[in-house]
Amino acid sequence: MLTRSLLVALAALTLTPPVPALADPGHGAARAYGEPGSPKRSSRVVEIVMREADGRMEFVPNRVAVRKGEQIRFVIRNEGELDHEMVVGTLAENLAHGESMRKNPDMEHDDPNARRLAPKGRDELAWRFTKAGEFDFSCLIPGHREAGMFGTITVK
C-alpha cells in the first residue's frame, strides 16, 4: 500500500504542467557573441530576407559586418513558402542546437537570439555584439541549414 507522502508526491507530479523544451536555457544572459539588445537604445537596422530560390534556402544578405559594442536591430522577413527561423549564435552552438531540433522537431523557441516566421511573416531581433569574432546565424529547422540557410556575422 502506498504511503500518504508518496501519494501526495505522485499527485503533485501529475498536476505539474509539462515544460516545453527550450532551445536556450540562459534567457537574457550574456553569451560569447553578445547580449539581447535594448529597445530603448538606438541601433543600426540590418534587413534580412529568408527565402527559397533555385533549389536552395538562403538568407539575403548572408554576411553582416558589425563593430564591437554595436547594437543591431535585425528586421527579418520570410519571403519563402515555408516556415524559417533566424538563430544568432556561435557556429558550435547552432550546430548543436540543430542536432537537438532533429531529435525534437517540435521544440519551442523563446529565445532573445532567435525568431521563427511563417511564410510572408516579419519580425525584429535586437542584439548587442559585445565581443569580437566570427559568429553564425542559421535556420535550424531540420534540413534548412543543410540546404544553404546560414550566414556569418563578423564583429571587429
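Figure 1. His144 is buried, with a relative accessible area of 8%. The model shown here and in the other views is predicted. His144 sits in the loop between β9 and β10. Its contacts, leaving aside neighbours within four places in sequence, are Met57, Asp83, His84, Cys139 and Met149.

**Figure 2. The salt bridge between Glu146 and Arg102.** Glu146 occupies the loop between β9 (133–138) and β10 (150–155). A salt bridge connects Glu146 to Arg102, with the closest N and O atoms 2.9 Å apart. The pair links distant parts of the chain, since Arg102 belongs to helix α2 (residues 91–103) and the two residues are 44 residues apart. Glu146 counts as exposed, at 52% relative accessibility. Arg102 counts as partly exposed, at 39%.

Figure 3. Arg44 and Glu70 meet through their side chains in a salt bridge of 2.7 Å, N to O. Arg44 is in strand β2 (residues 44–53), and Glu70 is in the loop between β4 (63–66) and β5 (71–78). The two are 26 residues apart, and the pair links distant parts of the chain. Glu70 is buried, with a relative accessible area of 9%. Arg44 is partly exposed, with a relative accessible area of 33%. Arg44, Arg67 and Glu70 belong to one network, joined by salt bridges that share partners.

**Figure 4. The salt bridge between Arg51 and Glu58.** The side chains of Arg51 and Glu58 come together in a salt bridge of 2.6 Å, N to O. Arg51 is partly exposed, with a relative accessible area of 31%. Glu58 has 16% relative accessibility and counts as buried, because the cut-off for that class is under 20%. The count of salt bridges in the model comes to 14.

**Figure 5. The five-stranded open sheet.** The strand order is β1-β8-β5-β2-β3, and the pairing is mixed. β1 (35–36) and β3 (56–60) are the edge strands, and each pairs on one side only. Within this sheet, β2 and β5 run parallel and are joined by seven bridges. Glu47 has Val75 in β5 as its bridge partner.

Figure 6. Ala126 lies in strand β8 (residues 122–128). Its relative accessibility is 23%, so Ala126 counts as partly exposed. Ala126 and Pro36 are 90 residues apart in sequence, yet their C-alpha atoms are 6.3 Å apart in space. Leaving aside neighbours within four places in sequence, Ala126 is in contact with Pro36, Gly37, Ile72 and Arg73.

**Figure 7. Pairing of β10 with β4 and β9.** Strands β4 and β10 run parallel, joined by four bridges. Here Val66 stands opposite Val155 in β10. β9 and β10 pair in the antiparallel sense, over six bridges. Glu134 has Thr154 in β10 as its bridge partner.

**Figure 8. Nonpolar cores and the contacts of Phe74.** The largest nonpolar core has 24 residues. Phe74, Phe129 and Ile153 have the most contacts inside this core. At least two core residues come from each of β2, β3, β4, β5, β6 (84–89), β8, β9 and β10. Not counting residues up to four places away in sequence, Phe74 touches Val46, Ile48, Val64, Met86, Asp123, Glu124, Leu125, Phe129 and Ile153. A second, separate core has five residues, including Val87, Met107, Ala114 and Leu140.

**Figure 9. Confidence along the chain and the stretch 1–28.** The average pLDDT of the chain is 84, and 81% of the residues score at least 70. Over residues 1–28 the pLDDT is below 50. This stretch has 24 contacts in the model beyond near neighbours in sequence. Where pLDDT is low, predicted coordinates should not be read in detail.

Technical notes. Residues are numbered from 1 along each chain as its sequence is written. This is a predicted model: local features need pLDDT of at least 70, side-chain atom pairs count only at pLDDT 80 or more; totals for chains, interfaces and linings use all residues. Side-chain values use heavy atoms; hydrogens and water are left out. A salt bridge is a side-chain nitrogen of Lys or Arg within 4 Å of a carboxyl oxygen of Asp or Glu. Buried means under 20% relative accessible area, exposed over 50%, partly exposed in between (1.4 Å probe, protein chains only). Contact means heavy atoms within 4.5 Å. pLDDT is the predictor's confidence in each residue, from 0 to 100. Two strands pair if DSSP finds at least two bridges between them. A nonpolar core is a set of buried Ala, Val, Leu, Ile, Met, Phe, Trp, Tyr and Cys residues joined through side-chain atoms within 4.5 Å.
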